[in-house]
Amino acid sequence: MHNDRRWRDLVERVRDDADALRVAFVDRVRTVPAYGRGLVPAERLDADADDTFAYLLGRLAGRAVPERLAEVGPTIGRDRARRGVPLDDLLTAVRQDFGVLWEALRARATPDEAALLVERVQTVWTVVEDYSSRIRLAYLEEEAVLARERQGERTALVGILLAADDPAPEDVRRAAIALGLDAGDDVLVAAAAGGDAAALRRAADRLAAGGRPVHVQPTGRHSVLLARWEGPDGAPVRAALEGVRCGVGPTAHGLAEVPRRARLAGELADVTAGGPAEPRTLASAWLPLAAARLSDVGPDLVACELGGLARVPAAERERLVATVRRFAVDGAVADTAASLFCHRNTVLNRLRRVTGLTGRDPTVPADAAVLLLALACDEISPSSRGIVME
C-alpha cells in the first residue's frame with residue numbers, strides 16, 4: 001500500500017507538467033516518415049497527444065478514466081487509417097509514448113524512488129502496449145471499412161466505363177484513378193460466365209500477387225477481369241489465365257478501349273461455354289464467334305451447305321464431320337490419317353464423300369471455310385439442329 005501511494009504521487013508529479021509530455025512526444029514523432037510529411041495536422045497531433053497522456057497517466061494512477069478518454073485510442077486508430085498513415089508508422093509513433101513517459105518519470109523521481117521505478121517499469125510497458133493494441137485493432141477495422149468503400153467506388157466507376165460505347169474522357173480518368181492505372185496503360189481484359197467466375201478470381205489473385213493492379217467486375221452475365229498488362233499477347237496471356245474457361249479480348253491499349261474489348265471477351269466466353277477449361281481468344285474462337293454473329297442467317301447456311309449430310313446415317317455423318325474438321329487442322333491427308341488412326345485412303349474417300357454430299361471440296365481452302373462455318377452455325381443454332389448434329 002505504501003508503494004502504491006508513492007507511485008500515485010510520482011505519476012501526479014508527471015501529470016502536473018503534461019505540456020512537457022506533449023512537446024517531447026511531438027518532437028519524437030515528427031521523425032516518423034508519415035508524420036514528418038504532415039499527414040496528421042499539427043493541431044490534431046497536439047490534441048491527440050494531450051488526450052493520450054491524460055488517458056495513460058490516469059491508468060497508471062489507477063483512476064477511473066472518463067468515457068471520452070477511454071475512446072481516444074480507437075479514435076486515433078480510425079483517424080490515422082482515414083489519413084493514410086501506414087500502420088507501421090502509426091505503431092512506431094504510439095510506442096514513443098513509453099519512452100516519453102519513462103523519461104518523465106525518471107526525471108521527477110527522487111533518489112529513494114529508484115527501486116519503485118524498477119518495480120513499476122512492467123506496469124508502464126503493459127499500459128502502453130494495451131493502448132497500442134487498441135489503436136492497432138481500430139486501425140485495422142477502419143482499414144477494412146475503407147477497403148469496402150474503395151471497392152464499392154471502384155465497382156461503380158468501372159461499371160460506368162464498361163457501359164459506354166465511347167466512354168467520356170472524364171469517366172476514363174476517374175476509372176483509371178480507382179483502378180490504380182494510367183489512362184493509357186495496356187490492359188488485359190477477360191470475361192467468364194457463371195461458375196467459371198471463381199476460377200477467374202483465382203487468376204486475378206495470382207496476377208495481383210505479382211504486383212500489378214487487378215480488378216474483377218461483376219456485370220450480371222459475366223465477371224470481367226481487368227489487369228495492367230506488359231508484354232506480348234499469346235502464350236503469356238494463356239499462361240496467366242491457365243485453367244480458366246474464359247474469353248479474352250485483344251489487349252486494350254488504354255482504358256478507353258476496355259468497353260469494346262470486354263464485350264468481345266464476353267461473347268467469346270458465351271460461344272465457348274462448355275468447352276475445355278482454357279482461355280479462348282479471337283484467334284482461337286473466331287469460328288464459333290462468327291457463327292454466333294450469323295444467328296439470323298445461320299440456319300439458312302446450314303440447310304444450304306450441309307443438307308446433303310442429313311441423308312446419311314448418323315454414324316457415317318459423325319465420321320465425315322470429324323474428318324473434315326481434323327483435316328482443316330492438319331492440312332495433310334497423312335497427318336489426318338495418323339490423327340484418326342485410319343488409312344490415308346480412308347481419309348481421301350471420306351473427303352470425296354463430303355464433296356459429293358455438299359458440293360464443297362474440303363481440300364479447297366475456300367470451300368473448307370464455308371463448311372467449317374456452317375458446322376459451327378449448326379452447333380450453336382437450335383433452329384438448325386437435326387440437319388447435322390443430333
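Helix α4 has 20 residues, which at 1.5 Å a residue should span 28 Å, and its end C-alpha atoms are 28 Å apart, in agreement with that value; the expected span is 1.5 Å times one less than the number of residues. Helices here are DSSP runs (H or I, at least four residues), numbered from the N terminus. The model is predicted, with local features needing pLDDT of at least 70 and side-chain atom pairs counting only at pLDDT 80 or more, while totals for chains, interfaces and linings use all residues. Residues are numbered from 1 along each chain as its sequence is written, and side-chain values use heavy atoms, leaving out hydrogens and water.

Helix α4 (residues 42-61) packs against helix α6 (residues 72-83) at an angle of about 155°, the axes being 10 Å apart. The two helices are therefore roughly antiparallel (an angle over 145 degrees). In the contact (heavy atoms within 4.5 Å), R44, L45, D48, D51, T52 and Y55 of α4 meet V72, T75, I76, D79, R80 and R83 of α6. Of these contact residues, 4 are nonpolar, 2 polar and 6 charged.

Several residues of α4 are buried, among them L45, D48, D51, T52 and Y55 (buried means under 20% relative accessible area, with a 1.4 Å probe and protein chains only). Just after α4, G62 adopts a positive phi of about 80°.

Residue E113 lies in the loop between α8 (96-108) and α9 (114-163). E113 is buried, with a relative accessible area of 6%. Not counting residues up to four places away in sequence, E113 touches R6, L10, R13 and R108.

Note on methods. Axes fitted to C-alpha atoms, helices over the stretch in contact; angles between N-to-C directions. Parallel < 35°, antiparallel > 145°, perpendicular 65-115°, else oblique. Nonpolar A, V, L, I, M, F, W, Y, C, P; charged D, E, K, R; others polar. Buried < 20%, exposed > 50% of the residue type's maximum accessible area, 1.4 Å probe, protein only.
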